[in-house]
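Please look through the sequence and the model shown here before reading on.

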Amino acid sequence: MTRNVKVLITGPSIADEAMELLRKRGIQPLMTPPYTDAEEIAGLAAREQVDALLVRMGDINEAVIAASERLRVIAKHGVGVNNIDIGAASRHRVPVMITRAANARAVAEHALALLLAIMKNLRPLDAGVREGKWEKTVFKGIEVSGKCLGVVGFGSIGRDLATLLDPLGMRVLVFDPFLGERDLPAGVQRVERLGELLREADVVSLHCPLTDQTRGLIGRAELAAMKPTAYLINTARGEVVDEAALVETLSNGRIAGAGLDSFADEPPATDNPLWALPNVIVTPHIAGVTSESLRRMGVQAVTNILSVLDGRDVDVSCVVNPEVLG
């Protein structure tokens, strides 16, 4: 690999250790600002004839993928590839690689934080104390122990969440059509139908990827199937949930609350109706962002890129479209 190899990073800089890996190979990465549109990314890729894309933000569509004749690999800084046109990458024989499980614990911990914050009513209680209220004599909380957690999607993140909640005494149900009974840890029960999980769970936590099958997976009918005392946690992708239906459901008190880290449009509009609801806690799609996970994701993404550019054996478990490897 020669010194004129170019790697285009779409979005914020990656961890220092990952940048050092590139520098040691004589690769000076190119950067785009966060949320740069596809046309600009394609223009830069074409002008520079980049060898690799390291994707954090931005829509990586066919125009971007086709822009550089030298493009040999696309590495996602994370696991969600809904912003990459996998079909186009496959047509151009470009492998798309993810940083498998690199941020799983971070996301699981954040899901747990949202779960506890919304169930313990921390946001309105915090605001009340700051406003001079002292609700000690009227407040009645609930306990996590003995409640049922429903996990939708039981990959690395779902498994980590179940592990974190085990000491808290929550019963765990799982819905994942790709999961076999032998893949379940002790104490976790698999259900055959999403509706069964929704009806029984006190907390529903979403950990499935965004696909054609999961887009809008949680809509009006699914929200109506949940208990009125139940909570929804979404640290997956915003489009997995019908946001308008969720606003309506929360506004009418048909479920108890929601903890959300992702949204249909990002960044969301400042007048999003979710902001007016007291039974919602939100964060800006940062569940997987920790110092530790950023280092793991950055290093693994660069390692994935170098394995392809060097012609070495790649980690096939990280390749979304392995058919292009031949």
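The model is predicted.

The largest nonpolar core is made of 33 residues. Within this core, the residues with the most contacts are Val-152, Leu-197, Val-204, Leu-206, Leu-232, Leu-246 and Leu-274. Several elements each supply at least two residues of the core: the strands are S6 (148-152), S7 (171-175), S9 (203-206) and S11 (257-260), and the helices are H8 (194-200) and H10 (243-251). Helix H10 gives the most, with four residues.

Leaving aside residues up to four places away in sequence, Leu-206 touches Val-152, Leu-232 and Ile-218, among others. The list of its contacts also includes the run Ile-233, Asn-234, Thr-235 and Ala-236, together with Val-240 and Val-241.

The next stop is Leu-8, which lies in strand S1. Is Leu-8 buried or exposed? Leu-8 counts as buried because its relative accessibility is 0%, and buried means under 20%. Ala-52 is 44 residues apart from Leu-8 along the chain, yet the C-alpha atoms of the two are separated by 6.3 Å. Ala-52 is also one of the residues that Leu-8 touches, not counting residues up to four places away in sequence. Other contacts of Leu-8 include Leu-30, Met-31, Thr-32, Ile-41, Leu-44 and Val-50.

Strand S1 comes up again with helix H11. This helix covers residues 291-309, 19 residues in total, and reaches 27 Å from its first C-alpha to its last, close to the 27 Å expected at 1.5 Å a residue. Among the buried residues of H11 are Ser-293, Met-297, Gly-298, Gln-300, Ile-305 and Leu-309. Which elements do the buried residues of H11 pack against? They pack against the strands S1 (7-10), S3 (52-55), S4 (73-76) and S5 (96-97), and against the helices H1 (16-24) and H5 (104-119). After H11 comes Gly-311, with a positive phi near 75°.

Rolling a probe the size of a water molecule over the atoms shows where empty space is left. The second largest pocket has a volume of about 150 Å³. Its lining consists of Leu-125, Gly-128, Val-129, Lys-133, Trp-134, Glu-135, Lys-136 and Phe-139. By class, four of the lining residues are nonpolar, one is polar and three are charged.

Notes
Residues are numbered from 1 along each chain as its sequence is written. This is a predicted model: local features need pLDDT of at least 70, side-chain atom pairs count only at pLDDT 80 or more; totals for chains, interfaces and linings use all residues. Side-chain values use heavy atoms; hydrogens and water are left out. A nonpolar core is a set of buried Ala, Val, Leu, Ile, Met, Phe, Trp, Tyr and Cys residues joined through side-chain atoms within 4.5 Å. Buried means under 20% relative accessible area, exposed over 50%, partly exposed in between (1.4 Å probe, protein chains only). Contact means heavy atoms within 4.5 Å. On a 1 Å grid over the protein atoms alone, a cavity is a set of points where a 1.4 Å probe fits but cannot get out, and a pocket is an open set with protein on both sides within 12 Å along at least five of seven lines; lining residues have an atom within 4 Å of a point. Grid points are joined across faces, edges and corners, and a volume is the space filled by probe spheres set on the points. Ala, Val, Leu, Ile, Met, Phe, Trp, Tyr, Cys and Pro count as nonpolar, Asp, Glu, Lys and Arg as charged, and the others, Gly among them, as polar. The expected span of a helix is 1.5 Å times one less than its number of residues.
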